Amino acid sequence: MAVFSRDFRIKTETDGMFDITEYVADIVSESKLKDGIAVVFCPGSTGAISTVEFEPGLLKDVPRALEKIAPAGVDYEHHKTWHDDNGRSHVKSTLIGPSLTVPFRSKKLVLGTWQQIVFMEFDTSQRERNVVVQVLGD
Amino acid sequence: MAVFSRDFRIKTETDGMFDITEYVADIVSESKLKDGIAVVFCPGSTGAISTVEFEPGLLKDVPRALEKIAPAGVDYEHHKTWHDDNGRSHVKSTLIGPSLTVPFRSKKLVLGTWQQIVFMEFDTSQRERNVVVQVLGD
Amino acid sequence: MAVFSRDFRIKTETDGMFDITEYVADIVSESKLKDGIAVVFCPGSTGAISTVEFEPGLLKDVPRALEKIAPAGVDYEHHKTWHDDNGRSHVKSTLIGPSLTVPFRSKKLVLGTWQQIVFMEFDTSQRERNVVVQVLGD
């Protein structure tokens, strides 16, 4: 049993979802571990990690649904603290969560055929994001 | 430290929540491991894993709350891609997430007395689902 | 590779978010493990674990957003089962989820600068909560 730790960087845009499956699969492969788990983590409070069928329609549908819960253009108490504009970004990140754990077997992530791992950018400006992958296994 | 990997299959229905606690507990037991974690994973983009107090009232309350975020009967961009009708199913799955990690001690999951592990089916037809459990521990 | 298991207790209030980062960091430190993951788990069906930038504004913004999904003052089927009043608490807990997994490297959690681990109390009365931390690593 071993721990294998890597980062990767991606460029993101507001309310975008970014397919990071290949980054995670490559790190599992590089780890040489056969069976275990890959923990994918966003070290930041305005992004999140989940899975989705990565096709253009859902890249609009998911942000639209989240907009209902934490809309733009309304007052957030967060803005009073920092005089910024990304209260909704923080709310969405807390709801989705920064962490995803995916099992792998025989060096292969057990994702469904139409299921991709995504980084969800909620911040109000373009970002370059660092994503952490911690692999544990045999 | 070892990794122990198993699947199980369940039959599901639209917007149903299915108590899978016993499946997960049995796999932990079968692993012979004493202390560790059980990762429960849905390999698919229209289901999710969480916990709930498994009683008939909440089996209606939780789907009703999710219906507000991703209602039936409205247009989803996803439908234009595939000409299907399950855009809302995908949105709910991404929000809840496909993965849950539960610690165990002395071979017993550390769940609360009124807390069960559930598979949440969001797809618009009956399904037979495969659920993956990855156990890591000593 | 080893498993290290600890609990801690906190006093909570309805719709409060409680910064538990130091508890988790101390347990990782006590484990003497260098690299691995900390699984933070709420054994109960009316609380949840996530991360947030822990500042006074968001402590209001996040509960307000969740109130839209599962408002107070409406009927929940859950109340018919138990004749209590915390249907909304259960719904919010299932949405956020009871589990968070945070990687650590060189004994340090890989959190962002403005990112804290929080226990989210959704129950309708003050509680004393037990939180479980399972550390796996080398």
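Through which surfaces, different or the same, do the copies of chain B and chain A meet? I looked this up first. Only 18% of the interface residues of chain B are also interface residues in chain A, so the copies meet through different surfaces. Contact here has a cut-off: the C-beta atoms of two residues, placed from the backbone, lie within 7 Å.

**Ground rules.** I noted that this is a predicted model, where local features need pLDDT of at least 70, side-chain atom pairs count only at pLDDT 80 or more, and totals for chains, interfaces and linings use all residues. Residues are numbered from 1 along each chain as its sequence is written, while chains are lettered from A and ligands numbered from 1 in the order in which they are written.

**Entry: symmetry.** I laid chain B on chain A, and a turn of 120° with a shift of 0.0 Å along the axis does it, at an RMSD of 0.0 Å. In chain B, M1(B) comes closest to the rotation axis, its C-alpha being at 3.6 Å.

**Entry: chain B against chain A.** I found 28 residues of chain B in contact with 33 residues of chain A. On the side of chain B that touches chain A, the elements giving two or more residues are β1, β3, α3 (77-82), α4 (87-96), β5 (99-105) and β8 of chain B. Those elements are DSSP runs numbered from the N terminus, helices being H or I of at least four residues and strands E of at least two. α4(B) supplies the largest share of that side, five residues. By class, the side of chain B that touches chain A divides into 14 nonpolar, 12 polar and two charged residues. For the classes, Ala, Val, Leu, Ile, Met, Phe, Trp, Tyr, Cys and Pro count as nonpolar, Asp, Glu, Lys and Arg as charged, and the others, Gly among them, as polar.

**Entry: chain A against chain C.** This contact takes 28 residues from chain A and 33 residues from chain C. α4(A) gives the most to the side of chain A that touches chain C, with five residues. I followed that helix across: the axes of α4(A) and helix α2 (residues 58-69) of chain C come within 10 Å and cross at roughly 65°. Axes are lines fitted to C-alpha atoms, for helices over the stretch in contact, with angles from 0 to 180 degrees between N-to-C directions. G87(A), H90(A), V91(A) and T94(A) of α4(A) make the contact with L58(C), D61(C), V62(C) and A65(C) of α2(C). Sorted by class, the residues of this contact are four nonpolar, three polar and one charged.

**Entry: the sheet.** In chain A I traced an open sheet of five strands, order β1-β8-β3-β5-β6, with antiparallel pairing. β1 and β6 (108-109) of chain A stand at the edges with a single partner strand each, so one side of each is left without a neighbour in the sheet. Two strands count as paired if DSSP finds at least two bridges between them. β1(A) and β8(A) run antiparallel, joined by 11 bridges, and F4(A) has V135(A) as its bridge partner in β8(A). Helix α1 (residues 21-31) of chain A lies across β1, β3, β5, β6 and β8 of chain A, at about 40° to β8(A).

I checked chain B as well. Strand β1 (residues 2-12) and strand β8 (residues 127-137) of chain B run antiparallel with 11 bridges, and F8(B) is partnered by V131(B) in β8(B). Strand β3 (residues 36-41) of chain B pairs with β8(B) over six bridges, also antiparallel, with F41(B) opposite V132(B).

**Entry: R88(B).** Is R88(B) buried or exposed? R88(B) sits in helix α4 of chain B and counts as buried, with 26 C-beta neighbours inside 10 Å. The cut-offs are 20 or more other C-beta atoms within 10 Å for buried, 12 or fewer for exposed, and partly exposed in between. Leaving aside neighbours within four places in sequence, R88(B) is in contact with A70(B), P71(B), A72(B) and Y76(B). I also looked at E67(B), which is 21 residues from R88(B) in sequence and 8.4 Å from it in space, C-alpha to C-alpha.

Note on methods. Copies are superposed by least squares on the C-alpha atoms of residues with pLDDT of at least 70 in both.
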